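Dear colleague,

Here is the structure I promised to pass on. My notes follow below it.

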Amino acid sequence: MSTTGVASAAVEVPLDPDTAFTVFTADIGTWWKRGTRYWNDAERGQELRFEPEVGGRLIEVHDLDSGEGFEIGRVLVWEPGRRLAFTWRQGEWAATETTDVEVRFEPVGTGTLVTVEHGGWERVGSASPDLAEGYGHGWAELLSFYVEETR
């Protein structure tokens with residue numbers, strides 16, 4: 001069974017869009033908290049890292065020195081201060097099963113609205129109809145960690 005829903009979550013942060021993008025990408029290893037359920041290998045996972053370019057990897061780093069670990073996805077769009085898109089894969093999924101994550105950074109008032117949309121569930125054979133909803137809740141919690149990092 002598959003689903004075609006889109007997981008989404010949004011937060012407003014007290015930063016300009018360029019800084020909000022930098023904190024989201026360069027500081028993901030800080031705000032993506034260890035000890036939470038958002039790891040493929042919680043015991044070996046040390047931090048997450050983006051390679052900052054189109055085609056770069058999003059990695060769950062298991063070795064801080066080498067930077068190697070589990071490749072979660074590949075950067076599809078890298079537009080600092082505006083937009084980030086990358087593929088997403090879970091460790092228990094088949095290697096060919098990926099979904100898509102898009103993060104938008106839009107100026108609002110004195111801050112930035114950061115919106116995450118996660119779709120492509122129809123490409124995951126094991127996806128249940130409520131998976132997108134569950135990921136939406138997960139992204140909301142992850143963005144709350146990100147907000148803490150921006151204060």
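**Charges**

The protein carries 13 positive and 27 negative side chains, and the centres of the two sets lie 1 Å apart. Lys and Arg count as positive, Asp and Glu as negative, while His and the chain ends are not counted. Each charge is placed at NZ of Lys, CZ of Arg, CG of Asp or CD of Glu.

**Ground rules**

This is a predicted model, in which local features need pLDDT of at least 70, side-chain atom pairs count only at pLDDT 80 or more, and totals for chains, interfaces and linings use all residues. Residues are numbered from 1 along each chain as its sequence is written, and side-chain values use heavy atoms, with hydrogens and water left out.

**Fold and overall shape**

The protein has three helices and seven strands. Along the sequence they run β-α-α-β-β-β-β-β-β-α. The radius of gyration is 15 Å, close to the 15 Å from the globule rule for 151 residues, so the protein is as compact as a globular protein of that length. That radius is taken over C-alpha atoms, and the rule is 2.2 Å times the number of residues to the power 0.38. Helices (H or I, at least four residues) and strands (E, at least two) are DSSP runs, numbered from the N terminus.

Along the principal axes, the C-alpha atoms fill a box of roughly 45 × 40 × 30 Å. Of the 151 residues, 48% count as buried. Buried means under 20% relative accessible area, exposed over 50%, and partly exposed in between (1.4 Å probe, protein chains only). The accessible surface comes to about 7500 Å², and carbon and sulfur atoms hold 48% of that. Areas come from the Shrake-Rupley method with a 1.4 Å probe; for residues, only the protein chains shown count as cover.

Take the contacts with a separation of 6 or more: 48% of them join residues 24 or more positions apart. Contact means heavy atoms within 4.5 Å.

**Aromatic pairs**

The whole structure holds 14 aromatic pairs. Rings of Phe, Tyr and Trp (its six-membered ring) pair if their centres lie within 6.5 Å; planes under 30 degrees apart are stacked, over 60 edge-to-face, the rest tilted.

Trp 31 and Tyr 146 have ring centres 5.4 Å apart and planes at 65°, so this pair is edge-to-face. Trp 31 sits in helix α2 (residues 28–31) and Tyr 146 in helix α3 (residues 131–149), so the pair ties together parts 115 residues apart in sequence. Trp 31 is buried at 1% relative accessible area. Tyr 146 is buried too, at 0%.

Phe 50 and Phe 86 also pair: centres 5.3 Å apart, planes at 75°, so edge-to-face. Phe 50 is in strand β2 (residues 47–50) and Phe 86 in strand β5 (residues 83–88), 36 residues apart. Phe 50 is buried at 11% relative accessibility. Phe 86 is buried at 1%.

One aromatic cluster includes Trp 31, Phe 50, Phe 86 and Tyr 146.

**Two residues to look at**

Arg 82 lies in the loop between β4 (69–79) and β5. Its relative accessibility is 55%, which counts as exposed. Leaving out residues up to four places away in sequence, Arg 82 touches Phe 21, Val 103, Arg 104 and Phe 105.

His 118 lies in strand β7 (residues 111–119). His 118 is buried, at 0% relative accessibility.

Best wishes
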